[in-house]
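Q: I would like to go through a protein structure step by step. Could we look at it together?

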Amino acid sequence: MSSTKKKLLVANWKANVLKHDAQEWVQHFSQQKRREHHEYVVCPPQPLVGVLAASSHPHFTLGAQDASTLEMGAYTGESPASILASLGVRYVILGHSERRKYFKESSIEVAQKAELVLAAELTPIICLDSNQFEEQTELLNATLREKSIFAYEPVHAISTFGGQEDPLSTTLEAIAQLREYVGNESRILYGGSVDLENSLTYLQEDAIDGLLVGKSSLNPEIFAKL
Ligand code: PGA
């Protein structure tokens, strides 16, 4: 990817935010000095997607943290991609390691979700650790490999699991490996314990197209400064 392309900064709030917090965050984020060469994406908890959609948010694009393996229909409790799209969602995180661990989500399900997300004209952000590169990408057709965004997230680096940020050299090696599976078109992000101290280390690399940020995205001042 060329260095002139905007870097994608994706906030993954996980299930940490109440309606009131989300509204305050949006208001504070709009008052921050943000980086011009970043595109910001906010993925709130699923029940709050509609709240953010209804609020004015000119400074970020709306995302979601998951989508269903099923299309619209009689599936109580599900969040089909086309309903998310109708709310103005543009990006959907899929296969996050917390979903793989706590909800036993498989790479097959992630691939099914990714197909429906793309069919709804949204962009999947597929999370994977290096031991899933081959297994996950071989389940994706060529269009999905090209049009999806991939987030390399080593499990040990995620703040809730271990919180040891990946050394840059390891990240670059892993991303080069992942490129061999997904080709040159798709964007590849890094995620895991990104904070104000280390964000630029990753962002200054041409090979890293952006960051997926958990904990540091909960504070709008910090997220705007990454
Ligand atoms: P973290 O989370 O930034 O809190 O490590 C990243 C993620 O889980 O996507």
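Predicted model: local features only at pLDDT ≥ 70, side-chain atom pairs only at ≥ 80, totals over all residues.

Q: Which residues of helix 1 are buried?
A: The buried residues of helix 1 are Ala22, Trp25, Val26 and Phe29. They lie on the same side of helix 1, because they cover an arc of only 100° around the axis.

Q: Why would residues a few places apart end up pointing the same way?
A: An α-helix has 3.6 residues a turn, so residues three or four places apart point the same way.

Q: And what is on the other side of helix 1?
A: His20 and Gln31 are there, and both are exposed.

Q: What covers the buried residues of helix 1?
A: The cover includes strand 2 (38-43), helix 2 (49-54) and helix 10 (220-225).

Q: What is Pro44 in contact with, leaving aside its neighbours within four places in sequence?
A: Pro44 is then in contact with Trp13, Val49, Leu52, Leu62, Gly63 and Gln65.

Q: Moving on, how many residues does helix 5 have?
A: Helix 5 (residues 107-119) has 13 residues, and from its first C-alpha to its last it reaches 18 Å, close to the 18 Å expected.

Q: Which of its residues are buried, and what do they pack against?
A: In helix 5, Ser107, Val110, Ala111, Lys113, Ala114, Leu116 and Val117 are buried. The elements they pack against include helix 3 (81-86), strand 4 (91-94) and strand 5 (123-128).

Q: What about the ligand: which residues come nearest?
A: Lys14, His96, Glu153, Ser159 and Ser193 come nearest, out of 13 residues around the ligand.

Q: Where are the polar atoms of Glu153 and Ser193 relative to the ligand?
A: Glu153 has a polar side-chain atom 2.8 Å from an oxygen atom of the ligand. For Ser193, a polar backbone atom is 2.8 Å from a ligand oxygen atom. The protein covers 99% of the 280 Å² of accessible area that the ligand has on its own.

Technical notes
Residues numbered from 1 in each chain as written. Heavy atoms only, no water. Helix = DSSP H or I, 4+ residues; strand = E, 2+ residues; numbered from the N terminus. Expected span 1.5 Å × (residues − 1). Buried < 20%, exposed > 50% of the residue type's maximum accessible area, 1.4 Å probe, protein only. Contact = heavy atoms within 4.5 Å. Arc of directions from axis to C-beta. Near = heavy atom within 4 Å. Polar contact = N/O pair within 3.5 Å; in protein donor to acceptor, adjacent residues only side chain to side chain. Areas by Shrake-Rupley, 256 points an atom, 1.4 Å probe, with all protein chains shown as cover.
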